[in-house]
Amino acid sequence: MGSGKTTVGKILSNVLSYSFCDSDALIEQEVNGMSVAEIFKLHGERFFRKKETEVLQRLSSKKQLVVSTGGGAVVWDVNWDYMQKKGVVVWLDVPLEALAQRIAAVGTHSRPLLHYEHGDPYTKALKRLSYLLELRGKNYAKANARVSLEEIAGKLGYRDVSDLTPTEIAIEALQQIEGYLKEEGGMVIAGL
């Protein structure tokens with residue numbers, strides 16, 4: 001969460017002339033316009049994850065589509081099956097400290113998984129993100145392409161990943177996707 005998936009995904013879809021979908025937004029539409037935070041509060045995480053799987057199943061049959069998923073989509077193996085069915089999965093690997101700063105700056109109210117910790121917004125976000133990465137890290141590592149913001153910042157001579165623009169991140173994502181496709185013998189990109 002807070003990695004910039006939606007922003008970078010929209011740039012990628014534009015460059016590739018693909019459609020763009022945010023799976024969280026589709027889930028919100030299906031649940032009478034409730035926000036993700038409201039869905040978690042009223043129905044629980046399991047209900048949300050089931051909806052997420054249903055959405056990914058439908059999207060997996062589409063072509064020329066960039067999909068931004070929630071960070072927890074990787075938790076269920078069936079979601080991996082749908083995401084990798086015809087697509088290339090990209091992990092935007094952002095340092096936890098940078099994620100916590102981003103989330104703290106906009107507030108944690110819309111992030112239901114961050115409501116378990118105590119402290120100031122930055123500390124709450126950092127603690128919970130550390131926990132979530134511990135749970136999900138092995139799954140994130142299954143992605144076909146990893147876009148490390150630390151590596152991009154290093155290549156471009158930036159001191160801080162927060163200095164990177166979404167376009168610079170998208171360019172690196174395209175390069176990582178291209179490298180993956182060359183290794184796979186030219187598989188068609190159907191989704192991310």
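The model is predicted. The protein chain holds nine helices and four strands. Of its 192 residues, 46% count as buried. The largest cavity has a volume of about 530 Å³.

**Overall fold**

- Along the sequence, the elements follow the pattern α-β-α-α-α-β-α-β-α-α-β-α-α.
- The pattern is built from nine helices and four strands.
- Take the contacts in the protein chain with a separation of 6 or more: residues 24 or more positions apart account for 66% of them.

**Helix 9**

- Helix 9 runs over residues 166–183, which makes 18 residues.
- Which residues of helix 9 are buried? They are Glu168, Ile169, Ala170, Glu172, Ala173, Ile177, Tyr180 and Leu181.
- The cover over these buried residues includes helix 1, strand 3 (90–93), strand 4 (145–148) and helix 8 (149–156).
- Gly185 follows helix 9, and its phi is positive, near 80 degrees.

**Cavities**

- Rolling a probe the size of a water molecule over the atoms shows where empty space is left.
- How many cavities of 30 Å³ or more does a search of the whole structure find? It finds two.
- The largest cavity, at about 530 Å³, is lined by 31 residues.
- Of those lining residues, Ser3, Lys5, Trp91, Leu92 and Tyr140 are the closest to the centre of the largest cavity.
- By class, the lining of the largest cavity has 22 nonpolar, six polar and three charged residues.
- Six elements are named here as each giving at least two lining residues: helix 1, strand 2 (65–68), helix 5 (77–85), strand 3, helix 6 (96–106) and helix 7 (121–140).
- Helix 7 gives the most to this lining, with five residues.

**Ser13 in helix 1**

- Ser13 sits in helix 1, which covers residues 5–16.
- Is Ser13 buried or exposed? Its relative accessible area is 7%, under the 20% cut-off, so Ser13 is buried.
- The side chain of Ser13 reaches the backbone oxygen of Lys10 at 2.9 Å.
- Not counting residues up to four places away in sequence, Ser13 touches Tyr18, Ser19, Phe20 and Val66.

**Ile27 in helix 2**

- Ile27 belongs to helix 2, residues 23–30.
- Ile27 is buried because its relative accessible area is 0%.
- Beyond residues up to four places away in sequence, Ile27 touches Ile39, Phe48, Lys51, Glu52 and Val55.
- Ile27 and Glu54 are 27 residues apart along the chain, with 9.1 Å between their C-alpha atoms.

**Trp80 in helix 5**

- Trp80 lies in helix 5, one of the elements that supply the lining of the largest cavity.
- With a relative accessible area of 4%, Trp80 counts as buried.
- Leaving aside neighbours within four places in sequence, Trp80 is in contact with Val74, Val89, Asn139, Tyr140, Lys142 and Ala143.
- Tyr140, among these contacts, is also one of the residues closest to the centre of the largest cavity.
- Trp80 and Thr53 are 27 residues apart along the chain, and their C-alpha atoms are separated by 9.6 Å.

- Most residues other than glycine have a negative phi, and most peptide bonds are trans.
- Ser17 has a positive phi, near 60 degrees, and is not a glycine.
- Where is Ser17 placed? It is in the loop between helix 1 and strand 1 (19–22).
- Ser17 has a relative accessible area of 61%, which is over 50%, so Ser17 is exposed.
- Gln64 is not a glycine either, and its phi is positive, about 50 degrees.
- Gln64 lies in the loop between helix 4 (45–59) and strand 2.
- The relative accessibility of Gln64 is 48%, so Gln64 counts as partly exposed.

Technical notes:
Residues numbered from 1 in each chain as written. Predicted model: local features only at pLDDT ≥ 70, side-chain atom pairs only at ≥ 80, totals over all residues. Heavy atoms only, no water. Buried < 20%, exposed > 50% of the residue type's maximum accessible area, 1.4 Å probe, protein only. Polar contact = N/O pair within 3.5 Å; in protein donor to acceptor, adjacent residues only side chain to side chain. Contact = heavy atoms within 4.5 Å. Expected span 1.5 Å × (residues − 1). 1 Å grid on protein atoms, 1.4 Å probe; cavity = no way out; pocket = protein on both sides within 12 Å on 5 of 7 lines; lining within 4 Å. Points joined across faces, edges and corners; volume = space filled by probe spheres on them. Nonpolar A, V, L, I, M, F, W, Y, C, P; charged D, E, K, R; others polar.
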